[in-house]
Amino acid sequence: MGKRLILTLILAGLTLLLVSCWDQIEIEDQAFIVGIALDKSDEPGKLEVTFQIAHPKAFMAESQVDEPFWNITQVSADITTARNELINKINWIPTFEHCQILLIGEEVAKEEFSKYLDFLMRTFEVRKKLLTAVVQGKARDILDIKFKSGIIPSFVVSEILNKNTKYSFEVTDYMHIGKMHVAYIEGYDFILCRIVPLKDALSVSGGAVIKSFKLAGWLSGEEVMGARLLRGDVESGFLEVKLPPELGERVILRIYESESELEPEIRGDKLYAVLNVRLEGDINEITTPSSDLNSDEYIKKARAVIERNLENIIKRTFKKVQQEFGSDPFRIKEKTQSYYPHFYKANAGHWDEVYRSAELEISTEIRIRRIGEIKNQQD
Amino acid sequence: MKSRQGITSLQATATVVVSILGIAVLIMPSSASEAAGIDGVLATLFGGLVALVLALTAILLGRHYPDYTIIEYSQIILGRLLGKLFGFYFAIYAIATTATVLRGFADAMKVLLLPKTPLEVIMITMLFTVVYQVQGGIGTIARINELFLPPIITIILGLIALNIRDVELFRFRALLSEGVGPIFMSLVNISTGYLGFEIVTFLTPFMADKSKLLKYGLAGVVLTVIVYTALVFVVLGIYGNKTTSDMVYPTVHLARRILWVESFIERFDIFFLTFWILAAYTTITAYMYMASLSVVRLMGLRNYKPFTLILTPIVYIISIIPQNSVQFTLLLNIISYAGLILGFSTIPMLVISKIRKAGTKNG
């Protein structure tokens, strides 16, 4: 029995020797890159890559750090080189594992920026849902803003994109690095969120239409709403519509249920984009209503006005993006490939012409469910 | 407590499932979409049916010789010389597959979890664990498989469930747009993903109730068909066929997509891979067991345990031969087709043994 005990002890001791962690890096030794900003450098062909590094202690609750984050700007050819140069400057090991956001400066977006994204698509270090936005101006400025609602700017921006899309039609978080990989492989266009730097603040609204990884043009907040309806990824938000004088001044609807589906259709040899929109909401605010809100007639009239208004927004957006930018972020190409693979194959050579001549057909249905607490009864 | 080693029915199912689920879990969606495009979903389903038929013939064949493994009854059916050659082929295949799966496992671990750990260390630790397990005999292997089956299946199904919301159904409108051609052409390629079902040719003699292997063994294959088809469906539905084909480890991509900001679930891939190690481990164990047993039975000996140790360095040497991922893929393809030939070989053997039986009855 004694022999056995000794053997067990030896084996237990051996396991201690055998177990080791080659890959262990102490958390204090890591520089967590939480945000990346890409700007054009004055040096030709080079980028200004700004890394936002969070202090490891900023991740821990109840810890007070004087400086929770800092930004390091590196002028280099691409993100990987910038990261490697960063190693020479700090005593920590940079890691992208907790990277929240990639901000692309306007100037960088204007050239084909897919070449800068290869590392982010290829590496296993960055997670696939790394959100991406285009900054109208210098991307670095966003990372320098001091926020009251959160300590680290990268977290604030990614939270805005992540959460606020559920409450506003004018913000889109549609693209992340995983989806950009798809766009890159298949040659799809897409819309990135637009961030406008203000003095000590920012505004996230509108979008940047990206055609073959080049900035084709900007969309306003309202146009982003149109684009999101066309793309079919709306959730909930507010819809503001001007009313004709007999109904009131303007109405704001709070939409809580939304459904929109765009389907391509081939009639003859022509491509049609058929959009069905169905929104459901309550009246949130209405300025100087001129008749009884609690009547079927009023609701019907208001519905018609709002529906027409919405259709106009969608049509304007479609026309602008289709005709002015010649871009298809509405996934019409993608859907035609699946709906009508033979038609697509036959027309793949001159797809741009087919798309440009495509016509949009909309049918909208708006349901006003409730009017709130006030009936506005007229005598 | 019965001292007799006997595999229960459930253990048989588990053994079949975890032997099939190995490195193919990581690459199945991209190989399916590479072979058949969006039709890869149907190809995975029908490829699974091919595997099901092959497993069925193997089990039926085993029923004729309930006390033997394929190494022995192939000698009865094909004659001594041909049978020995077949057994030799099987042994080589099993050894090479052990090595390939080991290498595939180590490569994935190095890329995804342990970038700085030497490949050799990953492989040797895994190999020693496997050898230790195989020394325990088929009873132990079956018990471990039974134990590992729930976590393996749960993590894969969990991965599917967490991503299924993002599947875009419109992509599947292009199904069959090229006719059944692409599916038919890719069946052979896809069914290699189901290799591992060969384990049924070794199970019959060890079953506690031999008649149950048919039902429970096939149930195992059916389960993997469901798992693989669902996996391919989700990946293709999210990424489309071109992007899926472009990925090295599409299943890991699926895991990397999962992110709940509110509940702080990030990097689900590490969680997934931890459980995937179990799947790789059980697959290597199954092949190592088949390799040692077939070598020993080929020599007409009974105790395979010393031979496991003899095979270990051979397996290790084969597994370090590929110099890069391209060469590894080549090796993987070679052994996959070698395995498929083996899978199909049970059909003529079954026919021969049926004819013989009929002959003995009449004469």
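1. Is Thr80(A) buried, exposed or partly exposed? Thr80(A) comes out as partly exposed, because there are 16 C-beta neighbours inside 10 Å. For the cut-offs: a residue is buried if 20 or more other C-beta atoms lie within 10 Å of its own, exposed if 12 or fewer, and partly exposed in between, with C-beta atoms placed from the backbone. Thr80(A) sits in helix α2 (residues 79-87) of chain A. Its C-alpha atom is 9.8 Å from that of Val49(A), 31 residues apart along the chain.

2. Some bookkeeping before going on. This is a predicted model, where local features need pLDDT of at least 70 and side-chain atom pairs count only at pLDDT 80 or more, while totals for chains, interfaces and linings use all residues. Residues are numbered from 1 along each chain as its sequence is written, and chains are lettered from A and ligands numbered from 1 in the order in which they are written. Helices (H or I, at least four residues) and strands (E, at least two) are DSSP runs, numbered from the N terminus.

3. On to the chain A and chain B interface. Here 19 residues of chain A are in contact with 23 residues of chain B, contact being C-beta atoms, placed from the backbone, within 7 Å. On the chain A side, α7, α10 (332-339) and α11 (341-347) each supply at least two residues. The most comes from α7(A), with 5 residues. By type, the chain A side that touches chain B divides into 6 nonpolar, 6 polar and 7 charged. The classes are Ala, Val, Leu, Ile, Met, Phe, Trp, Tyr, Cys and Pro as nonpolar, Asp, Glu, Lys and Arg as charged, and the others, Gly among them, as polar.

4. One helix pair across that interface deserves a look. Two packed helices are described by the angle between their axes and the distance between the axes. For helix α7 (residues 177-186) of chain A and helix α10 (residues 213-246) of chain B, the axes come within 9 Å and cross at roughly 95°. Axes are lines fitted to C-alpha atoms, for helices over the stretch in contact, and angles run from 0 to 180 degrees between N-to-C directions. From α7(A), His181(A), Val182(A), Ile185(A) and Glu186(A) meet Tyr239(B), Gly240(B), Lys242(B), Thr243(B) and Asp246(B) of α10(B). Those contact residues split into 3 nonpolar, 3 polar and 3 charged.

5. Next, the cores. In soluble globular proteins, nonpolar side chains tend to be buried together. A nonpolar core here is a set of buried Ala, Val, Leu, Ile, Met, Phe, Trp, Tyr and Cys residues joined through C-beta atoms within 7 Å. The largest has 121 residues, and Leu102(B), Phe105(B), Met126(B), Phe197(B) and Ile284(B) touch the most other members. Helix α12 (residues 268-298) of chain B gives the most to this core, with 17 residues. Setting aside neighbours within four places in sequence, Ile284(B) contacts Thr98(B), Val101(B), Leu102(B), Phe105(B), Met126(B) and Val130(B). A second, separate core has 88 residues, including Phe155(A), Met225(A), Leu230(A) and Leu262(A).

6. Chain A has domain 1 (26-219) and domain 2 (233-379), with bounds from an automatic or database domain assignment. Their centres, taken over C-alpha atoms, are 32 Å apart. Each domain puts 14 residues into the contact. On the domain 1 side, β7 (190-198), β8 (201-211) and β9 (214-219) each supply at least two residues. That side divides into 8 nonpolar, 3 polar and 3 charged.

7. Two backbone spots I'd flag. Most residues other than glycine have a negative phi, and most peptide bonds are trans. Ser212(A), not a glycine, has a positive phi of about 35° and lies in the loop between β8 and β9 of chain A. Ser212(A) is partly exposed, with 13 other C-beta atoms within 10 Å. Arg331(A), also not a glycine, has a positive phi of about 65°, in the loop between α9 (296-324) and α10 of chain A. Arg331(A) counts as buried, with 21 C-beta neighbours inside 10 Å.

Definitions and conventions. Contact = placed C-beta atoms within 7 Å.
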